[in-house]
Amino acid sequence: MNIESILSLNRTHANIQASSKKRAIEEAAKLIANDLLGLTADDIYNCLIAREKIGTTAIGDGIAIPHCRLRGCTEIVGSLISLQEPVDFEAYDNQSVKLMFVILVPSEVVDEHLQALAMLAKSFESPDYRQLLASAATNEELYRRATQTP
């Protein structure tokens, strides 16, 4: 599994404005719903927020990977979003989040869900990769940089 297999240009958004974690997730849900048939922004938002209530999806270094299993989702779907201003996600390292990689997976999928999370966590270990993504100015640039091997 690689980032290209779950991410598309249509679900890559640079410099989105959000004033809080909830607003960032709400914006992500709207953007994803605009690209997917059969899933509503409300369903996506509610599922992501329910997961976030269990514990933060911030992994440190300004990165969050909001994720959930969602009924009606037919394949693993990723969305990469950079935020105009960093947002507090209650990360263990106290760094605000600048980059979010949202993952939606079918409700019955377990192994692939864990593989996707592991693949992203490994990719985001690289400070150069994180900086490359955070400095992208356009959706196209963010997508191109994200799909390069870190």
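**View 1. The elements of the protein chain.** The protein chain has five helices and six strands. The model shown is predicted. Starting at the N terminus, the order of the elements is β-α-α-β-β-β-β-β-α-α-α.

**View 2. Dimensions and burial of the protein chain.** The C-alpha trace spans about 35 × 30 × 25 Å along its principal axes. A compact globule of 150 residues would have a radius of gyration near 15 Å, and the 14 Å of the protein chain therefore agrees with a compact globule. Of the 150 residues, 50% count as buried. Among contacts in the protein chain with a separation of 6 or more, 69% are accounted for by residues 24 or more positions apart.

**View 3. The crossing of α4 and α5.** Helix α4 comprises residues 127–134, and helix α5 comprises residues 139–146. Their axes come within 9 Å and cross at roughly 165°. Angles over 145 degrees count as roughly antiparallel, and α4 and α5 are therefore roughly antiparallel to each other. The crossing in which α4 passes α5 is left-handed.

**View 4. The residues that join α4 and α5.** Which residues make the contact? On α4 they are Tyr129, Leu132 and Leu133, and on α5 they are Leu142, Arg145 and Ala146. Sorted by class, the contact of α4 with α5 has five nonpolar residues, one charged residue and no polar residues.

Key:
Residues numbered from 1 in each chain as written. Predicted model: local features only at pLDDT ≥ 70, side-chain atom pairs only at ≥ 80, totals over all residues. Heavy atoms only, no water. Axes fitted to C-alpha atoms, helices over the stretch in contact; angles between N-to-C directions. Helix = DSSP H or I, 4+ residues; strand = E, 2+ residues; numbered from the N terminus. Parallel < 35°, antiparallel > 145°, perpendicular 65-115°, else oblique. Left-handed = near helix turned anticlockwise from the far one by under 90°. Contact = heavy atoms within 4.5 Å. Nonpolar A, V, L, I, M, F, W, Y, C, P; charged D, E, K, R; others polar. Rg over C-alpha atoms; globule rule 2.2 N^0.38 Å. Buried < 20%, exposed > 50% of the residue type's maximum accessible area, 1.4 Å probe, protein only.
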